[in-house]
Amino acid sequence: MKPFHIAVLVFFGALAMFAVFIFASFSSQNRDAVGEVVIWGTLPENTVDEVLSALFLVSDGYEEVSYRQLAESTFVATLVEAIAADRGPDLILLPHDAVLSERDKVITIPYRSISRRSFQDTFVEAGEAFLTDEGMLGLPFYIDPFVLYWNRTLFSNAGIARVPRFWDEFVDIAPVLSKHTQGGTLTQSAVSLGEWGNITHAKEVFTSLIIGLGNPITQFADDGELRVVLNGDQNAAVSPAESALRFYTDFADPVKTTYSWNRSLSPSRDAFTAGFLATYFGKASELLPIRAQNPNLNFDVAAYPRVRDGVLAVPADVYALAIPRGSKNQSGALKVAVAFSGIDVQKSLMAQTGLPSVRRDVLSASPENPFESIFRDAALNAYVWFDPDPEGTEKIFERMVEETSSGKLRIPEAVSQAQEELSTLAR
């Protein structure tokens, strides 16, 4: 061969080898890339963006993951419209109370991807709301359990050394911590129970009483249908729902020694931050907002109360990362969901927000912050119930309480009516 031909062959051979090297390098760098993954949810944008930033630091391939915050009131409607128009997200933060009403909009992750045993060993029990017989509706990402906030100054002034651990102890402290004028006007309140509209998280508090007495409110029958069991055991003298309703409404009855609340008062959280209310049932995430609203408030955090000899029922908000129908990058979305529920991201989320993790192994470490130890125990004891329609059940429970407080219905009648209305809603 002539020297010119040899030079041409060497040149093109070298070019081919360079091309192979570039392609191999590119493939190596992008083998783990998840591609574009758009997440929608109602959690604060800065919270999720901080999580993404932490993920970028420890892993490659997530640069095209982004998050968009939507209003809670319009989230479902926006999602449905986007799916119908084929422009929906690749992942959504699905709240636990939307599991039943919105499950047809998400893709079930089969157990061959993550076994049921592995799921239950990894995540707190409240996360099991996202499990089905076929697989998972999502991977738990975020939990915000309820705790009891209490005013240390009011307790000290009343000579009460310990915050209530059981619900029946509120009966004892109510006459001491609640004060009113001779005309009956409340000037200080022990606890916000008995009404609905001005009690922050009234539904969570009231349902926790029912569940704490051993009634799950709803449960799945053998045929897979959701059944409402608010009435509980028909042979029992008094159902748990009736006991919970009587206990709850007694605190709004002016003739009872437990009288502590009425519908003319400010919303319970505002009353607590103003120093009027001695105890407040709220989420762990409310710690910093309460402190910011009144920096001079002398308050502390305690465990959520339980029914004596009953079930420990701590309400919580739980979110899971679910893949909606129409996702254009399902494999990438699953990788992001696994990463977000992984130990590194969960540690970062807990450090950033001060809230507990959904992972048992992250919660196993002893926290240095005294608030975090309360939050951790709350997450481990958190429960969720299968709510067929969050807005609909809210109205039913509100009507049950208000018609009992007003005397329009007797307690058994109010519970029976709510049973029928909830059953209709579930169907």
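I took helices (H or I, at least four residues) and strands (E, at least two) as DSSP runs, numbered from the N terminus. I noted that this is a predicted model, in which local features need pLDDT of at least 70, side-chain atom pairs count only at pLDDT 80 or more, and totals for chains, interfaces and linings use all residues. Residues are numbered from 1 along each chain as its sequence is written, and side-chain values use heavy atoms, with hydrogens and water left out.

Entry on the whole chain. I looked up the secondary structure of the protein chain and found 17 helices and 14 strands. The C-alpha trace spans about 115 × 50 × 35 Å along its principal axes. Of the 427 residues, 48% count as buried, that is, under 20% relative accessible area with a 1.4 Å probe and protein chains only. For contacts (heavy atoms within 4.5 Å), I found that residues 24 or more positions apart account for 73% of those with a separation of 6 or more.

Entry on glutamate 64. I located this residue in the loop between helix 2 (45–58) and strand 2 (65–69). Glutamate 64 counts as partly exposed because its relative accessibility is 49%, and partly exposed lies between the buried limit of under 20% and the exposed limit of over 50%.

Entry on threonine 185. I placed threonine 185 in the loop between strand 8 (179–180) and strand 9 (186–188). Leaving aside neighbours within four places in sequence, I found threonine 185 in contact with Lys179 and His180. I also checked asparagine 262, which is 77 residues from threonine 185 along the chain, with their C-alpha atoms separated by 9.5 Å.
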